[in-house]
Amino acid sequence: MFRLLFKLPRVVQDQREKFESEDLFKKHVREGEVRYTLHRDRPVHERQAKFQAGCRDGHTEIVNSMITSSKEFGIDLNTRNEDGHTGLMFACIDGHIEVVSLIVENRKKYRINIQQKDNSGLTALDMVNNKIRGMVNGSITFKPSLQKLRDILEEAYAADNHAQPSSKRLKLQ
């Protein structure tokens, strides 16, 4: 009995090669993998809501996988909620620099409109600038990430419009 409880697994020469080449092992590896399925069984509007939630919560991995799989799964990355906010706007509002950078970097390849306006007529850059104005006026606490967000968005807007980034900016101290 004692011998069975502590029996060590047998090691085979070239174990890794055998594991990678035998069909039985390959089958178990495929079946046992954990994959993010992008909620494949859910309707498209729920997947789009998950993209926006990932942007709002700053989940870079989820946002990246949804961006790269958007064509395959029919996810519209420019979808707006009832207030007209896009995933980019949610990421800007909450100051998620990595998510904003990811969206801006992939805007051309996946046709993400970074200059889209919400129901109030504000773009993501306008939202960041409004927060910065609030910080200068003292109504919002300082967030260093807002300057970085503004720089990222201004460069992207300038590149899309073939112009220079704006030099008329409020300076934060």
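Predicted model: local features only at pLDDT ≥ 70, side-chain atom pairs only at ≥ 80, totals over all residues.
Me: Is Arg111 buried or exposed?
Reply: Its phi is near 55°, a positive value in a residue other than glycine. Exposed means over 50% relative accessible area. Arg111 has 71% relative accessibility, so Arg111 counts as exposed.

Me: How many helices does the protein have?
Reply: Read along the sequence, the pattern is α-α-α-α-α-α-α-α-α-α. There are zero strands. The count of helices is 10.

Me: What percentage of the residues in the protein is buried?
Reply: Buried means under 20% relative accessible area. The protein has 173 residues. The buried share of them is 36%.

Me: Among contacts between residues at least 6 apart in sequence, what percentage joins residues at least 24 apart?
Reply: Start from contacts between residues at least 6 apart in sequence. Then keep those that join residues at least 24 apart. The share is 67%.

Me: At what angle do helix α8 and helix α10 pack?
Reply: Two packed helices are described by the angle between their axes and the distance between the axes. For α8 (residues 97-105) and α10 (residues 145-161), the axes are 10 Å apart. The two helices are therefore roughly parallel to each other. Their angle is about 5°.

Me: How many residues of the contact of α8 with α10 are nonpolar?
Reply: From α8 come Ile97, Val100, Ser101 and Val104. From α10 come Ser145, Lys148, Leu149, Ile152, Leu153 and Ala156. Two of these residues are polar and one is charged. The nonpolar ones number seven.

Me: Which helices do the buried residues of α8 pack against?
Reply: Val99, Val100, Ser101, Leu102, Ile103 and Val104 are buried in α8. These residues pack against α4, α5, α7 and α10.

Me: Which helices do the buried residues of α5 pack against?
Reply: Helix α5 covers residues 60-68. Its buried residues are Val63, Ser65, Met66 and Ile67. They pack against α4 (44-57), α6 (70-73) and α8.

Me: How many disulfides does the count come to?
Reply: A disulfide needs two cysteine sulfur atoms within 2.5 Å. By this rule, the count comes to zero.

Me: How far is the sulfur of Cys92 from the closest cysteine sulfur?
Reply: Both cysteines are out of the solvent's reach by the burial cut-off: Cys55 is buried at 0% relative accessible area, and Cys92 is buried at 2%. The closest cysteine sulfur to that of Cys92 is in Cys55. The gap is too far for a bond, at 9.6 Å.

Me: Which backbone oxygen does the side chain of His96 reach?
Reply: His96 is found in the loop between α7 (87-93) and α8. Not counting residues up to four places away in sequence, His96 touches Cys55, Arg56, Asp57, Gly58, Ala91 and Leu149. At 2.8 Å, its side chain reaches the backbone oxygen of Arg56.

Me: How far apart in space are Phe90 and Gln52, C-alpha to C-alpha?
Reply: Phe90 lies in helix α7 and counts as buried, at 9% relative accessibility. Not counting residues up to four places away in sequence, Phe90 touches Gln52, Cys55, Arg56, Asn81 and His85. Phe90 and Gln52 are 38 residues apart in sequence. In space, C-alpha to C-alpha, they are apart by 7.1 Å.

Notes
Residues numbered from 1 in each chain as written. Heavy atoms only, no water. Buried < 20%, exposed > 50% of the residue type's maximum accessible area, 1.4 Å probe, protein only. Axes fitted to C-alpha atoms, helices over the stretch in contact; angles between N-to-C directions. Helix = DSSP H or I, 4+ residues; strand = E, 2+ residues; numbered from the N terminus. Parallel < 35°, antiparallel > 145°, perpendicular 65-115°, else oblique. Contact = heavy atoms within 4.5 Å. Nonpolar A, V, L, I, M, F, W, Y, C, P; charged D, E, K, R; others polar. Polar contact = N/O pair within 3.5 Å; in protein donor to acceptor, adjacent residues only side chain to side chain.
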